[in-house]
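Colleague: I have just opened this one and would like to talk it through. May we start with a particular helix?

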Amino acid sequence: MNSAQKNGPVVVGLVVGSSRPGRRGPAVARWAAEVAAGHPVIRAGAATVELIDLAEQRLPMLDEPVPARFGDYRHDHTRRWSAVVAACDAFIFVTPEYNHSIPAVLKNGIDYLDAEWRGKPAGVLCYGVHGGGQAVEHLRSILTEVGMTVVPGHVELGLFADFDWSGEESSDPTAQAPIVPGEGRAAALTAMLTDLLTAAGGRGSGDRPEPDRAGGGAGGATGRDTVPVAGR
Ligand SMILES: Cc1cc2nc3c(=O)[nH]c(=O)nc-3n(C[C@H](O)[C@H](O)[C@H](O)COP(=O)(O)O)c2cc1C
């Protein structure tokens with residue numbers, strides 16, 4: 001029995017990092033969830049995947065007067081978001097590339113919190129015209145700054161390599177080409193998940209610490225015990 005099994009299932013948050021109408025993010029996350037469901041650790045019940053859609057969080061642009069590092073949250077939307085993130089042991093960030101970086105909604109969601117991310121492992125699944133590699137480099141740097149351990153490999157999906165445009169007009173910017181991942185994509189995602197779960201070993205729900213703060217973060221009066229968690 002490994003440590004994750006001993007302490008309860010590891011909860012992997014699958015964060016959808018875009019919010020525009022007609023976005024591809026949810027479809028990419030659904031594909032990732034399907035691949036994850038076939039992972040032996042998840043099949044064995046030692047880990048679960050929770051979909052966290054930033055569009056559903058409806059966070060305003062950061063409006064907390066005190067930087068997240070102090071854990072002094074003044075707004076209910078921050079406390080709700082804190083509870084969602086604190087409930088996870090590890091994360092896969094699903095991000096498109098926007099102007100060679102990540103979408104503002106994802107950066108904003110990360111900036112809102114601190115202790116809830118700190119010390120947890122992260123993996124990145126990105127997509128873009130050429131796979132989104134430049135977004136990954138920015139995201140790696142941001143996640144490292146909030147104290148996350150980013151697993152070395154990431155997974156890229158190219159808009160023309162990994163989506164099926166056969167029934168679509170490729171010049172239509174709103175066309176919804178279905179995702180048809182190329183060879184090796186699912187295996188790469190499974191390998192990333194293995195690294196993530198290994199890094200998260202021992203972080204199962206039975207021993208997940210509350211963020212250490214006095215003022216209303218995940219461990220405060222409106223913490224995860226009293227707030228519904230996205231996707232549950
Ligand atoms: C504001 C914006 C900027 C973009 N910039 C890039 C880019 O720099 N590199 C790239 O490969 N694709 C870029 N794209 C294409 C997106 O990666 C692609 O449209 C993707 O589907 C966007 O994710 P979403 O559908 O979840 O919003 C951009 C799209 C938008 C909306």
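This is a predicted model: local features need pLDDT of at least 70, side-chain atom pairs count only at pLDDT 80 or more; totals for chains, interfaces and linings use all residues.

Colleague: Which residues of α7 are buried?

Modeller: Ala135, Val136, Leu139 and Leu143 are the buried residues of α7. They lie on the same side of the helix, because the arc they cover around the axis is only 95°.

Colleague: Why do residues three or four places apart point the same way?

Modeller: An α-helix has 3.6 residues a turn, so residues with that spacing point the same way.

Colleague: What do the buried residues of α7 pack against?

Modeller: They pack against three strands: β3 (90-96), β4 (121-128) and β5 (149-150).

Colleague: How many residues does α7 have, and what comes just after the helix?

Modeller: Helix α7 covers residues 133-145, which is 13 residues. From first C-alpha to last, α7 reaches 19 Å, close to the expected 18 Å. Just after α7, Gly147 has a positive phi of about 85°.

Colleague: Changing topic: how many residues surround the ligand?

Modeller: There are 15 residues around the ligand, and the closest are Ser18, Arg23, Pro96, Gly128 and Val129. The shell divides into 4 nonpolar, 7 polar and 4 charged residues.

Colleague: And the whole chain, how many helices and strands?

Modeller: The chain has 8 helices and 6 strands. Of its 232 residues, 43% count as buried. Among contacts with a separation of 6 or more, 80% come from residues 24 or more positions apart.

Notes:
Residues are numbered from 1 along each chain as its sequence is written. A residue is near a molecule or strand if its C-beta atom, placed from the backbone, lies within 6 Å of it. Ala, Val, Leu, Ile, Met, Phe, Trp, Tyr, Cys and Pro count as nonpolar, Asp, Glu, Lys and Arg as charged, and the others, Gly among them, as polar. Helices (H or I, at least four residues) and strands (E, at least two) are DSSP runs, numbered from the N terminus. The expected span of a helix is 1.5 Å times one less than its number of residues. A residue is buried if 20 or more other C-beta atoms lie within 10 Å of its own, exposed if 12 or fewer, and partly exposed in between; C-beta atoms are placed from the backbone. The arc is that of the directions from the helix axis to the C-beta atoms. Two residues are in contact if their C-beta atoms, placed from the backbone, lie within 7 Å.
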